[in-house]
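Let us go through how a few features of a model can be read, one at a time.

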Amino acid sequence: MIEKILSLDELLGLRKRLRADGNILVFTNGVFDLLHVGHVRYLAAARALGDTLLVAVNSDNTVRKLKGDDRPIVNEAERAEILAALKQVDYVTVFDDVSPRGLIAELLPDVLVKGGDYGLDEIHGREEVEAAGGRVVSLPFVEGLSTSKMIERMKKANK
C-alpha cells in the first residue's frame with residue numbers, strides 16, 4: 001500500500017497524466033484519526049464521483065493545531081497507510097498546512113469533496129476548483145459517527 005502514498009512532486013506528475021487521459025480526479029482531505037464506518041461510507045461516495053480518489057491527510061503537526069495536543073491518536077504515516085489499504089482510495093498524501101487550499105490550488109482536482117458538516121462556502125479550495133471549471137460537492141453527514149465521539153465512548157468505558 002505504500003506505493004499509493006505520494007509526495008507533492010509525484011502528485012503533480014500523476015495529475016498531469018490523469019488530465020492527459022481524460023480521467024476525473026476527486027480530492028478530499030481530513031484527519032482520519034480513528035477510521036470508522038462513517039469514513040468508509042464517505043470515501044466510497046467520494047470515489048463514485050470520478051475515476052481516481054486522492055485523500056490528503058493532515059500531518060500530525062496540523063492535527064494538534066486543529067484538534068488539540070491529545071490528538072492525533074494514530075500518527076500520520078499509519079493513518080496514510082490505513083487509508084491507502086482501502087479499495088476505494090487510489091492515492092494518499094500527507095500535507096502540513098492547517099488548510100488544504102494551497103495543495104488544492106496546485107492540483108486543481110476536477111471534483112472537490114467534503115462531508116456535509118461543511119457548507120459549500122466553508123470548503124477550502126472551492127473558489128480555485130470552481131474557477132478552473134471543477135465542481136465542489138458536500139456529501140451527506142452521517143449523524144453520530146465521529147472520531148471525537150468514539151474517543152469519548154472509550155474514555156467513559158475506561159472509568
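Q: How does the length of helix 1 (residues 8–21) agree with 1.5 Å a residue?

A: The expected span of a helix is 1.5 Å times one less than its number of residues, helices (H or I, at least four residues) and strands (E, at least two) being DSSP runs numbered from the N terminus. The 14 residues of helix 1 should therefore span 20 Å, and its end C-alpha atoms are 20 Å apart, which agrees. This is a predicted model, in which local features need pLDDT of at least 70 and side-chain atom pairs count only at pLDDT 80 or more, while totals for chains, interfaces and linings use all residues. Residues are numbered from 1 along each chain as its sequence is written, and side-chain values use heavy atoms, with hydrogens and water left out.

Q: Which residues of helix 1 are buried?

A: Buried means under 20% relative accessible area, exposed over 50% and partly exposed in between (1.4 Å probe, protein chains only). In helix 1, Leu 11, Leu 14, Arg 15 and Leu 18 are buried; they cover an arc (of the directions from the helix axis to the C-beta atoms) of only 105°, which puts them on the same side of helix 1. On the other side, Asp 9, Lys 16, Arg 17 and Ala 20 are exposed.

Q: What do the buried residues of helix 1 pack against?

A: Contact means heavy atoms within 4.5 Å, and the buried residues of helix 1 pack against strand 1 (25–30), strand 2, strand 3 and helix 5 (101–107).

Q: Which residue follows helix 1?

A: Helix 1 is followed by Gly 22, with a positive phi near 75°.
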